[in-house]
Amino acid sequence: MGITNEIKKRAEELRDYTALNLSKLVKTKSYSSKEEDVCRLIVELCKEAGFDEVYIDGLGSVIGRVGNGPKKIAFDAHIDTVEVGNIKNWNFDPFSGEIKDGLVMGRGASDQKGGAASMITAGRILKELGYGGEYTVYFTFTVMEEDCDGMCWKYLIEEENFKPDLIVSTEPTSCRIYRGHRGRMEIRVILRGISCHGSAPERGVSAAYKAARAALAIEQLNKDLQPDDDNFLGKGTITVSQMDVKGPSQCAVADYAMLYLDRRLTWGEDAELAISQVRKYVSEATGDDPDSIIVEMPNYEKIGWTNKPYSQELYFPTWKLDESHDLVQSAIADYKALYEKDPVVDKWTFSTNLVATTGRHKIPAIGFGPGDEAQAHAPNEINRVEDLVICAGFYALLPYALEKKID
């Protein structure tokens with residue numbers, strides 16, 4: 001039996017194992033910065049799967065290793081989740097991890113513990129095959145992505161000097177190969193007015209009215225943004241996500257306003273450009289001198305479960321990989337060998353940890369994961385067991401595909 005058929009057969013035989021592991025992960029609550037319990041569970045699952053090495057980094061992510069080749073490839077899954085939101089919107093217990101009708105059910109099933117479960121199975125398969133090829137295969141189960149995507153990898157690369165040659169994100173792609181997504185950043189705008197008694201508003205300058213005009217200017221900026229040259233990632237976007245207006249009292253003209261903006265960045269757009277656009281549009285709308293308007297990029301600061309302080313600015317660079325790149329072509333060959341059909345090659349709408357590995361640090365990357373992007377952050381989250389099987393086989397075969405050793 002050739003390596004392709006052997007891996008496909010073993011992934012199928014481990015169907016229940018993979019689904020059960022995902023069920024265990026879903027049952028283990030792991031909100032951002034509170035992932036200790038699920039990290040401890042993953043360590044045990046990786047050890048049981050026979051990984052050559054498993055350890056926890058300083059920020060709390062779990063790093064597993066199989067093989068000892070001169071090149072390094074990492075499969076990444078963030079294992080934190082968002083909260084459940086309004087429990088009345090759920091038709092089942094978000095942490096039941098129930099396996100039913102070919103589905104694993106619960107918070108994180110698609111975003112993004114399904115990828116983690118398939119990774120553990122892939123590592124087990126590689127160990128059972130005695131993989132000893134050109135690659136050291138790492139499986140990274142990373143923390144705090146939902147709060148600050150990519151910070152876990154910024155830490156790994158810049159603080160622990162862990163920089164693989166290639167990366168595969170296992171965020172949900174519906175078992176499609178993704179080769180890019182827009183970046184993003186957060187922007188805060190501060191506007192000032194002059195307060196006065198509310199009985200004579202003409203004596204003051206209302207920051208509230210400035211904020212209203214500024215919000216409409218941001219709406220116009222969103223309309224004016226243009227797509228990337230090849231229209232692969234599409235246009236950038238910007239929206240007002242929060243507003244705050246204050247004054248000395250409820251009977252006074254407001255002298256302070258804050259607008260918080262979510263900006264999605266297409267190829268060719270960066271933080272400097274985005275901030276300059278906001279400053280221009282807001283100053284023209286309010287009549288303020290551009291230099292008097294505070295337009296800033298906030299910083300993310302939060303202590304994770306290991307109590308190690310680490311922070312970064314809320315800027316997450318755009319990335320994409322040419323379809324001709326060997327990693328993309330090897331992934332296509334991998335999929336075709338296993339499933340005897342052409343894969344869909346596309347992109348994510350949302351942002352992933354690849355903003356750090358590839359947007360910031362230029363490591364070639366693709367995405368391939370179980371479950372659907374639309375399940376992310378939604379009530380009644382599920383993942384298909386069939387997707388888990390497909391992805392486990394894909395991950396296990398990819399090192400062979402990169403070495404051109406598939407049959």
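Visitor: In this predicted model, which polar atom lies 2.9 Å from the backbone nitrogen of T266, and where in the chain is the residue that carries it found?

Guide: The backbone nitrogen of T266 lies 2.9 Å from a polar atom of the side chain of E269, and E269 is found in the loop between β12 (256-265) and α7 (271-286).

Visitor: What makes the pairing of the side chains of E269 and R263 a polar contact?

Guide: The two side chains come to 3.0 Å, and since a polar contact is a pair of N or O atoms within 3.5 Å, the value meets that cut-off. Leaving aside neighbours within four places in sequence, E269 is also in contact with other residues, including L225, Q226, G236 and T318.

Visitor: Why is E269 called buried?

Guide: Its relative accessible area is 11%, and buried means under 20%, so E269 counts as buried.

Visitor: How do you know that Y335 and F368 form an edge-to-face pair?

Guide: A pair of aromatic rings is described by the distance of the centres and the angle of the planes. The structure holds 16 aromatic pairs, and for Y335 and F368 the values are 6.1 Å centre to centre and 65° between the planes.

Visitor: Are Y335 and F368 buried or exposed?

Guide: Y335 has 7% relative accessibility and F368 has a relative accessible area of 0%; because buried means under 20%, Y335 is buried, and F368 is buried as well. Ring pairs also link Y335 and F368 into a cluster with F51, F75, F139, Y339, F394 and Y395.

Visitor: Why is the pair of W348 and F350 called stacked?

Guide: The ring centres of W348 and F350 are 6.4 Å apart, with 25° between the planes, and planes under 30 degrees apart count as stacked, so the term applies to this pair. W348 is buried, with a relative accessible area of 2%, and F350 is buried, with a value of 18%.

Visitor: What makes R124 a charge that sits over the ring of Y17?

Guide: The charged end of R124 is 4.5 Å from the ring centre of Y17, and the distance cut-off is within 6 Å. The charged end of K347 likewise sits over the ring of F232, 5.4 Å from its centre.

Notes: Residues numbered from 1 in each chain as written. Predicted model: local features only at pLDDT ≥ 70, side-chain atom pairs only at ≥ 80, totals over all residues. Heavy atoms only, no water. Phe/Tyr/Trp six-rings, centres within 6.5 Å; stacked < 30°, edge-to-face > 60°. Buried < 20%, exposed > 50% of the residue type's maximum accessible area, 1.4 Å probe, protein only. Lys NZ or Arg CZ within 6 Å of the ring centre and 35° of its normal. Helix = DSSP H or I, 4+ residues; strand = E, 2+ residues; numbered from the N terminus. Polar contact = N/O pair within 3.5 Å; in protein donor to acceptor, adjacent residues only side chain to side chain. Contact = heavy atoms within 4.5 Å.
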